Every structure is written in C-alpha cells, then in structure tokens.
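The sequence and structure come first.

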Amino acid sequence: MKGFIFDLDGVIVDTARYHYLAWKHLADQLGIPFTEADNERFKGVSRRRCLEILLEMGGLQVPGEQFEAWLLEKNEDYLSYISKMDASEILPEVPRVLEFLRERDVPMALGSASKNARPILEKVGLASYFRTVVDGNEVVKAKPDPQVFLMAADRLGVAPAECVVFEDAQAGIAAANAAGMYSIGIGDAAVLGEADRVFRDFTEIRPGFMEHLLQLEIK
Ligand code: G16
Ligand code: MG
C-alpha cells in the first residue's frame with residue numbers, strides 16, 4: 001500500500017458528535033424524533049442529503065427557501081461547536097499513526113464530505129500532515145460514491161488498489177470498497193461489517209499492523 005486516505009469526522013476528530021447535536025437541535029424544533037442510532041445514517045453524508053433524510057423521517061415537505069434556511073441554521077449551530085476546538089479533540093493515537101507514516105514518507109490525503117474540513121484541520125493543528133485535502137466543496141457525488149477517494153488517490157499519484165482508507169461511516173466504507181481500496185473501519189464492527197478490517201479506534205492499530213499494510217501489494 002502506497003497511499004493513505006483519512007476521513008475526518010469520526011476518524012481524526014470526534015466532530016460526528018457535534019453534527020449529531022446540531023441535527024438533534026433542529027429535529028427537536030421541528031418535532032422530529034432523532035436518536036444517535038438515527039445519526040448513523042448521517043455519517044459521511046452531505047449536509048443537504050442529511051436534511052432531506054431528516055425531513056423524510058418527519059414526513060415534512062417544505063419550500064426551497066425554508067430548506068436553505070434550515071441548512072444554514074444547522075451549519076451555524078455546528079460552527080459554534082467547532083469554533084472552540086483545539087488539539088485536545090484529536091482522537092486517541094491518531095497523531096502516532098500520522099507520524100508513523102510521515103517518518104516513512106508515505107503520502108497522506110484527507111477525504112471528507114464536510115465543507116468545514118480545512119478549518120477543522122487547521123484548528124487541531126494537523127493540516128501539515130496531508131499532501132492534499134478533498135472535501136465537500138469539491139466533491140459532486142457524495143459517499144457511497146467513490147469520487148472523493150478516487151480524487152484523493154489521483155492527487156497523491158497512487159493507484160486506487162494501492163490506497164488504504166480509514167472511515168467511520170457505512171457510506172464511507174462502501175465508497176472505499178467501490179474505489180477498489182483497502183478499507184479500514186473505525187468504530188463498531190456491527191455497523192462497519194463491509195470493511196476489510198475494523199478497529200474500535202486507533203489505539204488498536206499497532207505498528208506491526210501498519211508495517212503489514214505497507215507491505216501489502218494489492219487489496
Ligand atoms: C462529514 C460527516 C457528515 C456531515 C458531512 C458534511 O463527513 O460525517 O455527518 O453531514 O461531513 O459536513 P458539513 O456540514 O460540515 O459540510 P466525513 O466524510 O468527514 O465523515
Ligand atoms: Mg466520518
């Protein structure tokens with residue numbers, strides 16, 4: 001494996017929690033029941049698509065202007081959470097894995113559905129690790145479409161079959177598999193069963209496994 005691609009929310013930082021709180025806030029206002037289990041469907045999914053799903057859950061149909069206003073409201077709520085972020089919110093042992101790869105000159109990319117990916121990376125001080133960032137401002141086809149990861153591989157100059165993807169979302173694992181990449185699920189194996197390997201978090205990813213990935217010829 002020659003290129004490593006990381007999702008952002010739920011992999012590098014726990015912003016999945018902030019997305020949940022912001023959607024929950026809106027759902028409460030609209031009288032739509034919304035639980036953390038419902039939020040699984042929102043992970044890795046674009047902001048616009050999340051609101052469509054929420055309104056479908058509540059059986060609501062609204063004019064375009066209202067839809068745009070709620071999108072804005074959710075994002076402002078989310079931005080208020082991320083404005084307070086710092087390096088303490090990097091998930092455990094992520095820096096160790098990034099450092100392991102940097103020491104070996106392995107190119108890394110960020111592949112996120114979020115339009116807020118760059119400011120979050122800057123805030124937590126990890127931007128310099130990534131040769132390229134592909135985010136929700138550029139991607140037209142959302143995960144589970146492989147576009148985000150194929151763009152990242154292309155910019156790294158690495159063939160898709162020689163790329164590893166770290167993902168916390170079902171849609172993201174599906175996207176990585178559709179791209180022909182080696183998929184590593186971070187989270188619950190019951191949710192991420194389609195991944196090539198699943199780890200609860202980066203503390204379970206030992207240097208021996210990282211060495212193994214680097215030696216793996218092709219998925
Ligand atoms: C993330 C989250 C999704 C979120 C999406 C868009 O994707 O997992 O829940 O809806 O970004 O975020 P924003 O509203 O900031 O543009 P990823 O791919 O980083 O996990
Ligand atoms: Mg994610």
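E65 counts as exposed because it has 8 C-beta neighbours inside 10 Å, and the limit for that class is 12 or fewer. The residue lies in helix α4, which covers residues 64–82. Between E65 and C163 there are 98 residues along the chain, and their C-alpha atoms are separated by 41 Å.

The model is predicted. Mean pLDDT for the protein is 96, and 100% of its residues reach 70 or more. For the complex, the predictor gives an ipTM of 0.94 and a pTM of 0.92.

Ligand 1 is surrounded by 21 residues, of which R47, S112, A113, S114 and K115 are the closest. Two helices, α1 (15–30) and α3 (47–58), are the elements that give two or more residues to this shell. The composition of the shell by class is as follows.

| Class | Residues in the shell around ligand 1 |
|---|---|
| Nonpolar | seven residues |
| Polar | nine residues |

In soluble globular proteins, nonpolar side chains tend to be buried together.

Which residues are in contact with V164, leaving aside its neighbours within four places in sequence? They are M1, F4 and I5, then M181, Y182 and I184, and also L213.

Terms used. Residues are numbered from 1 along each chain as its sequence is written. Chains are lettered from A and ligands numbered from 1 in the order in which they are written. This is a predicted model: local features need pLDDT of at least 70, side-chain atom pairs count only at pLDDT 80 or more; totals for chains, interfaces and linings use all residues. A residue is near a molecule or strand if its C-beta atom, placed from the backbone, lies within 6 Å of it. Helices (H or I, at least four residues) and strands (E, at least two) are DSSP runs, numbered from the N terminus. Ala, Val, Leu, Ile, Met, Phe, Trp, Tyr, Cys and Pro count as nonpolar, Asp, Glu, Lys and Arg as charged, and the others, Gly among them, as polar. Two residues are in contact if their C-beta atoms, placed from the backbone, lie within 7 Å. pLDDT is the predictor's confidence in each residue, from 0 to 100. A residue is buried if 20 or more other C-beta atoms lie within 10 Å of its own, exposed if 12 or fewer, and partly exposed in between; C-beta atoms are placed from the backbone.
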